[in-house]
Amino acid sequence: MLLSLESVTTYYGQMRILEGISLNVAEGEMVCLLGGNASGKSTTLKTILGIVRPRTGQVLLDGEDVTQWQVPQRISAGLAIVPENRRLFGQMTVRENLELGAVLRGGEKLDDDFDRVHTLFPRLLERRGQLAGTLSGGEQQMVAMGRALMSRPRLLLMDEPSMGLSPALVQQNFQIIKDIHATGVSVLMVEQNATMALSIANRGYVLSTGEIVLDGPASELLQSEDLKRAYLGR
Amino acid sequence: MAFFFQELVNGLTTGALYALVALGFSMVYGVLKLLNFAHGDLYMVGAYVGFFVIQWFGGATSLSIPVPLLLVIMFALAAGLVGGLGVAIERFAYRPLRDAPRIAPLITAIGISFFLESAALLLFGAQYRVYNTPDFINAHSGITIGSVTINSVQILVLVMGLILMVGLQQLVNWTKLGRQMRAVAADREAAEMLGVNVNFTIALTFFLGSALAGVAGVMAGLLFNQVTSTIGFIAGLKAFTAAVVGGIGSIPGAMLGGLLIGLAESFVTGYLSSTYSNLLVFGLLIAVMLVRPSGLLGQAQLQKV
């Protein structure tokens, strides 16, 4: 298994955010994590990346316990994130943003990686010298995804990739996620737009107030009455 | 007119010195959003380091080594020791408070400032320590253009100040480390999510900023001749003013602010009286704040709601 969480419980101070979460992502899979506001989706991704540490439970990468690893170690092991709201460095150029995605890759040549990102997002080649903050929302999303790809991840974590995009761009964005997945990168995606996410994912988990209340193949979840209930509250 | 140019040269010299102190102040603010009120005291420590190097090598009148070598040792040692001191302060005083409310590290900074001042008083005494620069650098050597004289110490300060400022600007804009510093300053968590080593980057920023303050301290010793434990206070305030006038967090802003304050001080002292110089410096701060609250080269902060 590429990634497994085993009964992970995460606290922010006194507040319990995640309660005994277990989930896994196999090599080559696209998995989505659904749930309403404040259900713990972002915290799950942060726990996986190591930005926050679980109080109990384990995070495993390729079967190895990485719970005590620092963020850079986990990125070197193959994780990368497209954060919520993209979190670009607005005062830096597109090129600099992309370079920062490869910050852990020592003195290696990045030409191939730039080529790969520019093939996926030709717009970014045109805009490489422009400040990231001056780009449109759709273009900024491309930079955020390209930046994550610069570390050559095996598992891409995506936190609400369609947030703040117009419906047309959301469509385009999901197509891009499919394209990235097709290149062999596994994906764990957090989304509010359940129907969209399930239409491209293999499997899904549904979070509600820090617990996984539902999981299964995407096609089954799409039909599920329980999914609607989980979203609307019981 | 000659008087004007003489004051211009004097102003640029002290301005370069203020700019070096302001740079560190502004860089630290950039990465931690902390007003490091202990920064001026690092400059004081640098000035003492320079003084003791002179004593170590036989004192101003009977130096055992050539003057250029003495200067290299003074600057290198001040940069290294004060840079290290800055890193230690960050590690033991500020890092434990990194996620605390912003008032806590601010108060700590004021505490560190008092600590350094008192430690210097205890260790080095209350008396003025004197560099006696004219004993080893001829005060009349230098360049004379018409009736304007730029003496050797001024040339040293101007040239070194220029090199350090250009070098820092290059480092921050064009190197991988500089890019990481800017990333941490802009959005620490986003930088962390990409694998940037945030603790190392912050420590590096403290080292560079503190080393510049140490170098400026030696420059001040050479220029003004006197060192005592309290010189950091007013220097810190002026660096703060320079950083804010230029736009806090902005590196070109700190340079511009430092130069402006140096020039303003010099012209006021020259044409009016030194009594008014602080009045004008802090008046300048208030005036800039009224017109451009984000400073001359600062960016207006968008308040997200």
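How are H2(B) and H4(B) oriented to each other? In this predicted model, helix H2 (residues 39–56) of chain B and helix H4 (residues 103–124) of chain B pack at an angle of about 20°, and their axes are 9 Å apart. Because angles under 35 degrees count as roughly parallel, H2(B) and H4(B) are roughly parallel to each other. The crossing in which H2(B) passes H4(B) is left-handed. On the H2(B) side, the contact is made by Asp41(B), Met44(B), Val45(B) and Tyr48(B); H4(B) contributes Ser113(B), Leu116(B), Glu117(B), Ala120(B) and Phe124(B). By class, six residues of this contact are nonpolar, one is polar and two are charged.

H2(B) also packs against helix H9 (residues 198–224) of chain B, where the axes come within 7 Å and cross at roughly 55°. H2(B) and H9(B) are therefore oblique to each other. Here H2(B) passes H9(B) in a right-handed crossing. The residues of H2(B) that meet H9(B) are His39(B), Leu42(B), Tyr43(B), Met44(B), Val45(B), Gly46(B), Ala47(B), Val49(B), Gly50(B) and Phe51(B). Their counterparts in H9(B) are Ser210(B), Ala213(B), Gly214(B), Val215(B), Ala216(B), Gly217(B), Val218(B), Ala220(B) and Gly221(B). This contact comprises 12 nonpolar and seven polar residues, with no charged residues.

The largest nonpolar core of the model has 155 residues. Leu157(A), Ala19(B), Val21(B) and Val215(B) are the residues with the most contacts inside this core. Helix H1 (residues 2–32) of chain B gives the most to the core, with 15 residues. The surroundings of Val21(B) were examined individually. When residues up to four places away in sequence are not counted, Val21(B) touches His39(B), Gly40(B), Tyr43(B), Ala213(B), Ala216(B), Ala235(B) and Ala239(B). Among these, His39(B) and Tyr43(B) also take part in the contact of H2(B) with H9(B), as do Ala213(B) and Ala216(B) from H9(B).

Between the chains, 18 residues of chain A are in contact with 14 residues of chain B. On the side of chain A that touches chain B, the elements giving two or more residues are helix H2 (71–76) and helix H3 (94–101) of chain A. The largest share of this side, four residues, comes from H3(A). The residues of chain A that touch chain B divide into 12 nonpolar, three polar and three charged.

Key: Residues numbered from 1 in each chain as written. Chains lettered and ligands numbered in written order. Predicted model: local features only at pLDDT ≥ 70, side-chain atom pairs only at ≥ 80, totals over all residues. Core = buried A, V, L, I, M, F, W, Y, C linked by C-beta atoms within 7 Å. Buried ≥ 20, exposed ≤ 12 C-beta atoms within 10 Å, placed from the backbone. Contact = placed C-beta atoms within 7 Å. Nonpolar A, V, L, I, M, F, W, Y, C, P; charged D, E, K, R; others polar. Axes fitted to C-alpha atoms, helices over the stretch in contact; angles between N-to-C directions. Parallel < 35°, antiparallel > 145°, perpendicular 65-115°, else oblique. Left-handed = near helix turned anticlockwise from the far one by under 90°.
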